[in-house]
Amino acid sequence: MIAIETHEVGPRGTPGVHREDVQRVVEAFWTTRGAQEAALDDQGRAGGSARANGHMSAITKLVAQEFIKAGIPETCIIERQPYLPGYYRVRKQWDLVVVCDEILVAAIEFKSQVGSVGKNINNRFEEALGTATDTHAAQTKNEAFGQVPPWLGYVFVLQETSETEQENRSVRALFPTDPAFKGMSYNQRYQEMVKRFIGDGVYQAGWFMATKRTEEGITYTEPLATATAEAFGVQIRGRVEYVNAVRRAR
């Protein structure tokens with residue numbers, strides 16, 4: 001079970017994730033990541049701070065809180081080693097899983113990219129696509145999750161830098177590539193990835209943020225209309241309403 005922080009989320013009595021909530025967890029993302037880097041001998045250059053994933057903790061808890069606000073008991077929310085069955089591999093550990101009355105309410109991945117985008121962007125694509133594909137295959141091939149199909153979410157935080165914003169990245173390949181990618185920056189490619197994941201049903205919901213830390217402070221943007229905190233919250237409430245209907249009908 002995930003330990004839920006006691007921060008009041010949004011104006012009292014109003015549903016959804018609010019900008020002040022997102023600003024708070026983005027600041028926590030940078031604060032925690034800075035502490036992780038300081039604790040590492042290599043100052044995080046080898047990716048240790050990213051692998052620790054603790055810097056995503058505040059964002060994870062904010063999302064978990066949305067399920068609770070939508071009516072899911074806190075005991076249904078699992079964060080520590082929530083493994084789900086796969087089809088091409090035996091199992092996969094997710095970052096956040098919600099299970100109520102033996103129904104998989106949601107499984108959500110929380111990923112980030114801070115620096116070294118050119119070296120890691122393909123790994124992020126392959127990891128995200130493989131995880132979702134394997135989970136859906138477990139359902140279609142083995143009905144691993146029963147009569148209620150899995151609902152998968154993908155949360156991604158990208159550090160905005162000159163590297164991520166440089167346009168006209170190479171699209172050369174041995175055969176013609178999708179012209180939609182021509183002229184895109186790494187930031188735009190990540191957005192296109194999340195947009196297509198949602199549009200094609202690879203993930204049922206997504207949340208994409210770009211953030212930067214400067215002398216003026218910490219800022220964030222949500223450039224993808226289909227993957228904002230607000231849209232993600234609406235999707236969560238819809239999923240919970242559906243699952244609760246199934247639970248009542250049993």
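The mean pLDDT of this predicted model, meaning the predictor's confidence in each residue from 0 to 100, is 88, and 87% of the residues reach 70 or more. Helices (H or I, at least four residues) and strands (E, at least two) are DSSP runs, numbered from the N terminus. Over residues 1-13, pLDDT stays under 50.

Residues are numbered from 1 along each chain as its sequence is written. Local features need pLDDT of at least 70, side-chain atom pairs count only at 80 or more, and totals for chains, interfaces and linings use all residues, while side-chain values use heavy atoms, leaving out hydrogens and water.

Now for the inside. A nonpolar core is a set of buried (under 20% relative accessible area, 1.4 Å probe, protein chains only) Ala, Val, Leu, Ile, Met, Phe, Trp, Tyr and Cys residues joined through side-chain atoms within 4.5 Å. The largest one has 37 residues, and I59 and W207 are among those touching the most other members. Helix α3 gives the largest share, 6 residues.

And the charges? Side chains of opposite charge can pair when their charged atoms come close. A salt bridge puts a side-chain nitrogen of Lys or Arg within 4 Å of a carboxyl oxygen of Asp or Glu, and this structure holds 12. In one of them, D101 meets R247 at 2.8 Å, N to O. This pair links distant parts of the chain, 146 residues apart.

Key
Buried < 20%, exposed > 50% of the residue type's maximum accessible area, 1.4 Å probe, protein only. Contact = heavy atoms within 4.5 Å.
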